[in-house]
Number of protein chains: 2
Amino acid sequence: MLISELSRRSGVPVATIKYYLRERLLPAGAATAATRAEYGERHLARLRLIRALAEAGGLPLASIRRILSAVDDEHLGVHEMLGTAQYALGPAIEVPDDEEWNAARAQIAALIEELGWRVTPYAPALDMLTQALVALRRLGLPATARGLRAYAEAAQALARTEIARIDPSAPRAAMVERTVVATVLYEPVLIALRRLAQENESARAFAATPDKPARPSRPRR
Amino acid sequence: MLISELSRRSGVPVATIKYYLRERLLPAGAATAATRAEYGERHLARLRLIRALAEAGGLPLASIRRILSAVDDEHLGVHEMLGTAQYALGPAIEVPDDEEWNAARAQIAALIEELGWRVTPYAPALDMLTQALVALRRLGLPATARGLRAYAEAAQALARTEIARIDPSAPRAAMVERTVVATVLYEPVLIALRRLAQENESARAFAATPDKPARPSRPRR
């Protein structure tokens, strides 16, 4: 297909595609004339992946480049490839390495040991978690081991289903694409549903009068 | 206590306290001389609440003022008071009201009806959820009803415990403080734990060699 069709089918503007070609994020097409090149399905798949990383992941080009290298390096195992993508999502937190931070970190280490989770000490999510625990402690509402465990168990049940859904025989690019999109975009899904669930539970616990029943039902899709 | 002690006990700088006094977010103390005033426990509690809303919630003064009014309005029920605080957290999303948006909204309405949740159509979390569903569909990975339901059920189990922990006989300010802090700061906790759980599940499913067993164990706290 020509670049115009590649643009149409991928939803990525021609100017952006040309930029990716210049930056070598996208391999060159097969030249058919001085100013014409032919692109194939692998270009389309790569564009989808770049778009997912840039739009859903909000990743800068340097991170995208690193992930694409991991996808292209067939010697790298699936776990390491997915890890490269997840770690690239960050967040990059400056670690203060003071007493508060280290105490929260020790609490997390104990939790992870108790759960038997296999995670590296470099996981950016560890910093995200530490930061939240430090903030809770500062505001006088420290997280308890039991409380944290409830969140960890809910997270584990979701993650188990999520990882089980990855097809290990799928192309590497598709696996990374799904993983990054699912990791990033189900975060607001989970957060929003928790807030709605809180509203519902609060209504049941504290609202003086129940909602009027049976508004006209809406069509389902 | 004097303003210096109020500052020390609340962790809020004197200049900030004076600013809150000028903005009438904090009631004036009892004047003991032309330039001296005495503050009490209710000032301390109010400062804690303002600090939680500003630091954990990242809320602007206008939102904080609205929440404080809800706390002070004893005619307002607990559910409405907590709802005022939660809705103030936003996010404020500009609703495009196009076909994609409305389709995602209809999917959410069907889910909420199926779950029997009592939430108003004005909940900002509905917009957050709609935005994520639209993005998933655009990236070619639309959320299924069954998939969403799994996240909703995990959210409901957490929310039930969270709301049950609220003591309805506690002072109104303390209820709002706990709710906002818990809503906001357990979001990164949940997100981080999900990412760590994904890493663990991925290691179990895809890593070629298991981690070396038994590194020297760390002290627990």
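By what turn, and with what RMSD, can chain A be laid on chain B? A turn of 180° with a shift of 0.0 Å along the axis does it, at an RMSD of 0.0 Å. The two copies are thus related as by a two-fold rotation axis. Such a superposition is by least squares on the C-alpha atoms of residues with pLDDT of at least 70 in both copies. In chain A, the residue that comes closest to the axis is A154(A), with its C-alpha at 3.0 Å.

This is a predicted model, in which local features need pLDDT of at least 70, side-chain atom pairs count only at pLDDT 80 or more, and totals for chains, interfaces and linings use all residues. Residues are numbered from 1 along each chain as its sequence is written, chains are lettered from A in the order in which they are written, and side-chain values use heavy atoms, without hydrogens and water.

**The interface**

Contact means heavy atoms within 4.5 Å. By that rule, 90 residues of chain A are in contact with 90 residues of chain B. The two chains bury about 8900 Å² between them, 65% of it on carbon and sulfur atoms. Buried area is the accessible area (1.4 Å probe) that two parts lose on being put together, summed over both. In chain A, R118(A), Y151(A) and R195(A) lose the most area to chain B, together 10% of what that side buries. The copies meet through the same surface, because 100% of the interface residues of chain A are also interface residues in chain B.

The interface of chain A and chain B also holds 6 salt bridges. A salt bridge is a side-chain nitrogen of Lys or Arg within 4 Å of a carboxyl oxygen of Asp or Glu. R195(A) and E187(B) meet in a salt bridge at 2.7 Å, N to O.

**Helix α6 of chain A**

Helices are DSSP runs (H or I, at least four residues), numbered from the N terminus. Helix α6(A) has 17 residues, 99–115. At 1.5 Å times one less than its number of residues, it should span 24 Å, and its end C-alpha atoms are 24 Å apart, which agrees. Buried means under 20% relative accessible area, with a 1.4 Å probe and protein chains only. Among the buried residues of α6(A) are W101(A), I108(A) and L115(A). The buried residues of this helix pack against α7 and α8 of chain A, together with α9 of chain B. Just after the helix, G116(A) takes a positive phi of about 70°.

**The cores**

A nonpolar core is a set of buried Ala, Val, Leu, Ile, Met, Phe, Trp, Tyr and Cys residues joined through side-chain atoms within 4.5 Å. The largest has 115 residues, and V189(A), L193(A), L196(A), V189(B), L193(B) and L196(B) have the most contacts inside it. Helix α9 of chain A gives the most to this core, with 15 residues. A second, separate core of 36 residues includes V12(B), A37(B), Y39(B) and V184(B). L196(B) touches residues of chain A, including I112(A), W117(A) and L129(A).

The contacts below leave out residues up to four places away in sequence.

| Residue | Helix | Relative accessible area | Touches |
|---|---|---|---|
| L44(B) | α3 (residues 41–56) | 10% | L6(B), R9(B), S10(B) |

L44(B) and L89(B) are 45 residues apart in sequence and 23 Å apart in space, C-alpha to C-alpha.

Definitions and conventions:
Helix = DSSP H or I, 4+ residues; strand = E, 2+ residues; numbered from the N terminus. Buried < 20%, exposed > 50% of the residue type's maximum accessible area, 1.4 Å probe, protein only.
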